[in-house]
Amino acid sequence: MNEQVLRKIEETAAKDNGWKVDDVRVEEIERLRRPACSFFSAGHKVRPLSYLSNYALLSGTEIVGSGDGNVVAKIVDSCANGASADWWAEIVTRFHEDLGDGIVLRDEQTRPDIVRKLREAGKTFAPPVLDPQRRSLRYLLLDPEAYVLYQVQATRSDSGPIEVVENEVL
Amino acid sequence: MRVADAGGLIPGQWGSEGADATTAVQNGESTLTQVASRLGIPLDDLVNANPQIANPNGLTPGMEVRVPSSTQGGPAAGSAESDAPDPNIATSKRMENSLEASAMRTLLSSPMDSSSGSVSHAHFSASGSGGISQEPPVADPLRGEGYSPQLKKELTQTLNALYQRPEFKALSQDEKSALLQSLAGNPPVTPEKISKMFDLINSAKSLSPANHKLVMEAFKAGHASPAYAASLKKLIEDPEFKSLTNAEKTAVLSQVKNYPDAKTIGNIERMLRKDWFQTQSLGDKQRSLKTIAAFSHNQKGDRKIIDNTLDKLLDPKSGFDLEWKKYDKRDRPYGEADDDTLYLNRGIIRAGNDPITENKTTNHLALNTVAHEINHLVNDDKVGDTFDYFNAEYRAWYVGFKAEHGRPPSNQEAMEQRIRWQFDPESAYGATSAGALKHPSQAQKLFDFLGKMTGLKVDAHNWRDVVYKSDPATWPTKASTPAAPPAGNDDNH
């Protein structure tokens, strides 16, 4: 990881969360990396916190954190070329301010316990689905802290931003 | 005229078990149609209630006509009252000595809170999933469900006596209605209950009309409980309450009404004294009030943990603060703990004087997170690549779970709802768990922990399979067995 980028993200996370820079721990999320973009999570080294802050490095220069639907649209416009529905679901989850952090259920092996509970409830598991025009995305998102499963519907509006609707499933 | 003596409108003859009321045919009336018109009731109902009248078009003044019971307390009685005075003086005197018809209508429509007559504080109760659901309405005395004839008789006698008291007569019609409804719905009406009610009314005189009304509504929501009324009176007379702005008083009384039990009032009163509450904005005060009230009022939660948690937060000697924080994501995290402060997510709980809007997110914050984060504070937990920190996070979750559900989690629930997340490399805990696994002594403690939970032999080669793939149904320990309590302070004492 580029030391300058690391330091910049540490400083941004510290500023965003009111932390000391030296207390910030940054990790790259390598599985989300795209040709023009890298993704990072930032946590606190000392406080017992349940959350991480997410940051994207766009075009090697610009750092953005979570925000509204325009921020998410900017990230996917910069990085999503050829990306899978799983990747889209991760980006929407991590960067859209209207969604809480959570675990995207990529396949049945991500959380077998949830797949079992879905079956017990007479429901069917489905992996993330992105329509061919890449304007609509649907996926299952687990809030691991409250152990609640949501279905997320993300839609690219005509004016540009990505809007999300979250419905409780389990 | 006034509705003549009788049943359905005076005590002792309620509903289907009492006789019908009667009315006298007035001068100028000769048909049931005219009587029905005067009383404002359907002609068919009046005809059906008077099979003894052979000729409905041949009535004579003074003849008694039965008023059907289904219309008593409704428009008929109201219309009758506004008519000319009843020539039957004896009947009028009897009415003056009994409850006013309008008040009695209120009383008759009051649902009984409990068939046993005992006072219930369980107006809201947590559901199995952690939700707070309102109980279904109970028996309606008008239909004779829930009240024995003896109870009806005693109740009406007591309320009649109450109605004659000057301090009751001095109340507004709305107040009378609210109080009668509260008392009639919560028998028995004991002298203590009436005494506490008047004490409360006197205390509430200093409030604005809107806040006074809230007190009346709270008394009803509190099932006319003397303990609740006494606590509410104490709150209203508390100098800290008196020093609040009118809007702040409304915020306090709203949650007293929304989460009606004496203990919750006590906790709200304690909160008023805390510096952290006093310095909050009105919106955050409203969030604090509804959150602490919902947490305190959780009937299905673990009472010991709830009370200990509230003591830690609200005791005068407590050094812990509560602060509402804006996060970059609206719905997560639920909260955090640091530097003796419990931080809660402002985006999850709306400001306002309504009760908490119930869903799994708001319930989790109010019923679980408060205890979870206070557990971190009482144990002074710090992050580290150690088993102790892994255990600290599990312990705080365990305490939150018990606070919300009133029972410990099962082995399966602990594994599925918490442990897997704590090992998840991309979770906030993943890095520290991975760090602990790199140290043999710490790793062994983690394997022992997993072995205790599952009954399986766990080591460096199979721990991932145990955490992510093992079927709880195949564990040597029963998946449904309560998980072992974690090390450390696990009840927030």
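I began with the contact between the chains: chain B puts in 26 residues and chain A 29. Contact here requires C-beta atoms, placed from the backbone, within 7 Å. I noted that this is a predicted model, where local features need pLDDT of at least 70, side-chain atom pairs count only at pLDDT 80 or more, and totals for chains, interfaces and linings use all residues. Residues are numbered from 1 along each chain as its sequence is written, with chains lettered from A and ligands numbered from 1 in the order written.

Helices (H or I, at least four residues) and strands (E, at least two) are DSSP runs, numbered from the N terminus. α18(B) gives the most, 4 residues. By class, I read 8 nonpolar, 5 polar and 13 charged residues on that side of chain B. Ala, Val, Leu, Ile, Met, Phe, Trp, Tyr, Cys and Pro count as nonpolar, Asp, Glu, Lys and Arg as charged, and the others, Gly among them, as polar.

Next I looked up α18(B) (residues 360–379) against α16(B) (residues 282–297): their axes, lines fitted to C-alpha atoms over the stretch in contact, come within 8 Å and cross at roughly 85°. Angles run from 0 to 180 degrees between N-to-C directions. The two helices are therefore roughly perpendicular (65 to 115 degrees). Thr291(B), Ala294(B) and Phe295(B) of α16(B) meet Ala366(B), Leu367(B) and Val370(B) of α18(B). I read 5 nonpolar, 1 polar and no charged residues there.

Definitions and conventions:
Parallel < 35°, antiparallel > 145°, perpendicular 65-115°, else oblique. Contact = placed C-beta atoms within 7 Å.
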